[in-house]
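Let's take a walk through a protein together, one stop at a time. Have a look at the chain first, and then we will talk about some of its residues.

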Amino acid sequence: MGDSCAIRPYALRRRATFSAVRSLTVQPASGGSATACSSALTASRSREPGQHSGLHTTHSKSKHEKEEKRKRRNDHSGRLSCHQHQQSLLSSSSGFSNYRGILNWCVVMLVLSNSRLFLENLLKYGILVDPIQVLSLFVKDPYSWPAACLVIVSNVFILAALYTERQLSKGSLSEQVGLLVHSVNLSIILCFPAVVVLLVPSISPVGGVFALGTYTILLLKLYSYKDVNRWCRELSSIKVKTLSRSNSCPSAPPVIGGDQIVCYPGNLSIRDLYYFLFAPTLCYELNFPRSPKIRMSFLLRRLLEMLFLTQMLVALTQQWMVPIIQSSMKPLEEMDLSRMMERLLRLAVPNHLLWLMFFYWFFHSSLNFTAELLRFGDRQFYKDWWNAETVTYFWQNWNIPVHKWCLRHFYCPLLRKGFSKMVSQSAVFFLSAFFHEYLMSVPLRMFRLWAFMGMMAQLPLAWLVTRFLRGNYGNAAVWISLIIGQPIAVLMYVHDYYVLHNGQEIH
């Protein structure tokens, strides 16, 4: 009873205090009361950050203590166990793929080993580099340039192809007659330079390779030119009787760089045809992709690369390959298998190095230089052939211009005529083998079929690698065929050439 009487006055005082605060907050009677209220609220707000910071500090301390406990627990568990289930890095199941250091080591070892061979070559043979001798490989008489004259004569066949297409576009010739004229023109392009090289002794082997290579490229280009124009006539619903571009394409919109879109038969002009002949491609189009401008810095870099690599190719051939080939003639004559194998392995390294340098010189530096000069937009002259796991993949990706031509004008037409893929692929290899032999036997003026058999041997090799080897093993097989196969063909041709022309000196 007494306790309740004692508590009651306290409860009444709390109610009175709350009511006073409510009255001050809701209806301030005077400025003094409002000031007191605001000061009280301010004081309460000023106390809140301090309270929150204190809570935050307490929370961070507790979190830090938990982390310390976890570290101590892990430390104790680490002392008890230090092993886990994992594979060695060199195992295929480990999933590790960063072998950059090993690749750098291989490069360093390759440079050191070849430097030793080069130094040994210098000590044994001295300096054999002779630029004058290189010039004699192209021309025997400095006042007679038969190979260059033979290349200049090719303009006759170019103009004949253009004239035939113009007559076909007008309807002056039928498709059958036009096909006959083109067939005769292409046949002459194939046979005429070969006959001249065989009959004119002043044409050197190197000059013959240059002339025949030029005519071979011209043959493939004009064949593509003929096919594309025929396809345009087949797609056209109205026969155009004039050659003016305005009649065939009256509202030609400009494209990038201010070039006009060309429509058939507006493409049948000398300028259009010669642009295609100089462009780094074998497949004709009415409108090639064009780059916006010529980059002088890019052009200069490619030019310097061409000049430097040309000097390197000549120097390494004279200094490194020629002595090995000359020393290989006697073992080949005596059929000494052990010494023949030793010479073959000695020749494999410089031959393959020169082949790689030639690939970069031609497919990257030279073709990019020409493409930049002509503002040719399609610069995919090769793909990642070095990653080839099959022989077929290598031949499809190391020479994209030739691959595109074979696919567009030879392989796919055979498929459309009902031939199987195997027969069509064999026909492509046969065509490639023919031109390889054509470019080797005719300039050397001897027929041994080593290049032809080497290319045809790619068919069973491709089947074996695809059937039995996969992944890295297939890639290794491709590299071995490149490194060993080419020196064999080189030795065969050089040996036969020396036997044919210098048989008495060898004996």
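Is R343 buried or exposed? With a relative accessible area of 12%, R343 is buried. Here buried means under 20% relative accessible area, exposed means over 50%, and partly exposed is in between, using a 1.4 Å probe and protein chains only. Before we go on, keep in mind that this is a predicted model, in which local features need pLDDT of at least 70 and side-chain atom pairs count only at pLDDT 80 or more, while totals for chains, interfaces and linings use all residues. Residues are numbered from 1 along each chain as its sequence is written, and side-chain values use heavy atoms, with hydrogens and water left out.

R343 has a partner. Side chains of opposite charge can pair when their charged atoms come close. R343 forms a salt bridge with E342, and their closest N and O atoms are 2.3 Å apart. A salt bridge here is a side-chain nitrogen of Lys or Arg within 4 Å of a carboxyl oxygen of Asp or Glu. By that rule the count is 13 salt bridges.

Helices are DSSP runs (H or I, at least four residues), numbered from the N terminus. D227 is buried, with a relative accessible area of 3%, whereas R230 is partly exposed at 28%. These two also belong to a network of salt bridges that links K226, D227, R230 and E234.

D496 is buried at 12% relative accessible area, and R448 is partly exposed at 33%.

Next, move to the loop between α9 (270-278) and α10 (296-334), where you will find T281. T281 is buried, with a relative accessible area of 14%. Leaving aside residues up to four places away in sequence, T281 touches K221, F276, F288 and F376; contact means heavy atoms within 4.5 Å.

What about the surface? L89, L90, F96, Y99, I102, W105, V108, M109 and L112 form a nonpolar patch there, with about 920 Å² of accessible area together. One of them, W105, is in helix α3 (residues 100-125) and is exposed, with a relative accessible area of 52%.

Helix α5 (residues 146-170) lets you check a length. At 1.5 Å a residue, its 25 residues should span 36 Å, and the end C-alpha atoms are 38 Å apart, which agrees. The expected span is 1.5 Å times one less than the number of residues. After α5 comes G171, whose phi is positive, near 85°.

Finally, how many disulfides does the structure hold? It holds zero, where a disulfide is a pair of cysteine sulfur atoms within 2.5 Å. As for individual cysteines, C106 is partly exposed at 38% relative accessibility, and C191 is partly exposed with a relative accessible area of 44%.

Note on methods: Patches are made of residues with over 30% relative accessible area and no salt bridge: like charges are joined within 9 Å, nonpolar side chains (Val, Leu, Ile, Met, Phe, Trp, Tyr) within 5 Å. Accessible areas come from the Shrake-Rupley method with a 1.4 Å probe; for residues, only the protein chains shown count as cover. Helices (H or I, at least four residues) and strands (E, at least two) are DSSP runs, numbered from the N terminus.
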